[in-house]
Amino acid sequence: MSTKKGKEKKRGSLSPTEEAMANLLGMPYDFSKTHTLVMILAGTENDVISLEAMEDMYRKIDAPKVIARKTGQGHGEMLYTANGYVTAWLMYYLQGDETAEQAFFGDMPELLHNQLY
């Protein structure tokens, strides 16, 4: 998903596939070319991306970013169960909502302490 406000883009990736698999499927992407705000979410029961591959993507991004895995969720479920954090991400970056910001940043980010992630 990509949205645009002025010249700045915001991105979210819900249960992405590993880069090597994306290349094989003819949908290549390279996170080292990403220099905009990014949120990467996947489930722990994900069959299309490993924790190591997610961490590799995260390390390549040179921008504010968030990464999380939802416990017990698979690839398909993430498209429907991560909506609260996706909404908060967009509210913060598109509307400047400081309450939504607390889900990801600050001294006690909610996502960091959420036992479901």
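**Figure 1. Helix 4 and its length.** In this predicted model, helix 4 has 13 residues, which should span 18 Å at 1.5 Å a residue. The expected span is 1.5 Å times one less than the number of residues. The end C-alpha atoms of helix 4 lie 17 Å apart, which agrees. Helices (H or I, at least four residues) and strands (E, at least two) are DSSP runs, numbered from the N terminus. What comes after helix 4? G96 follows, with a positive phi near 70°.

**Figure 2. The buried side of helix 4.** Which residues of helix 4 are buried? They are Y85, V86, A88, W89, Y92 and Y93. Buried means under 20% relative accessible area, exposed over 50%, and partly exposed in between (1.4 Å probe, protein chains only). The arc is taken from the directions that run from the helix axis to the C-beta atoms. An α-helix has 3.6 residues a turn, so residues three or four places apart point the same way.

**Figure 3. Two nonpolar cores.** A nonpolar core is a set of buried Ala, Val, Leu, Ile, Met, Phe, Trp, Tyr and Cys residues joined through side-chain atoms within 4.5 Å. The largest core has 17 residues. Within this core, M39, L41, V66, W89, F104 and L111 touch the most other members. Strand 3 (37-43), strand 4 (65-70) and helix 4 (83-95) each supply at least two residues. Helix 4 gives the most, with six. Another core, of ten residues, lies apart from this one; its members include A53, M57, I61 and A63. In soluble globular proteins, nonpolar side chains tend to be buried together.

**Figure 4. L41 in strand 3.** L41 is found in strand 3. Is L41 buried or exposed? L41 is buried, with a relative accessible area of 0%. L41 and M78 are 37 residues apart in sequence, yet 7.6 Å apart in space, C-alpha to C-alpha.

**Figure 5. The two faces of helix 2.** In helix 2 (residues 51-60), A53, M54 and M57 are buried. Their arc around the axis is only 100°, which puts them on the same side of helix 2. The face turned away from that buried side carries the exposed residues E52 and R59.

**Figure 6. The second largest pocket.** This pocket has a volume of about 230 Å³. On a 1 Å grid over the protein atoms alone, a pocket is an open set of points with protein on both sides within 12 Å along at least five of seven lines; lining residues have an atom within 4 Å of a point. Grid points are joined across faces, edges and corners, and the volume is the space filled by probe spheres set on the points. Among the lining residues are Y58, K65, F104, P109 and Y117. Strand 4 and helix 6 (110-113) each give two or more residues to the lining. Strand 4 gives the largest share, five residues.

**Notes on the views.** Residues are numbered from 1 along each chain as its sequence is written, and side-chain values use heavy atoms, with hydrogens and water left out. Local features need pLDDT of at least 70 and side-chain atom pairs count only at pLDDT 80 or more, while totals for chains, interfaces and linings use all residues.

Conventions
On a 1 Å grid over the protein atoms alone, a cavity is a set of points where a 1.4 Å probe fits but cannot get out, and a pocket is an open set with protein on both sides within 12 Å along at least five of seven lines; lining residues have an atom within 4 Å of a point.
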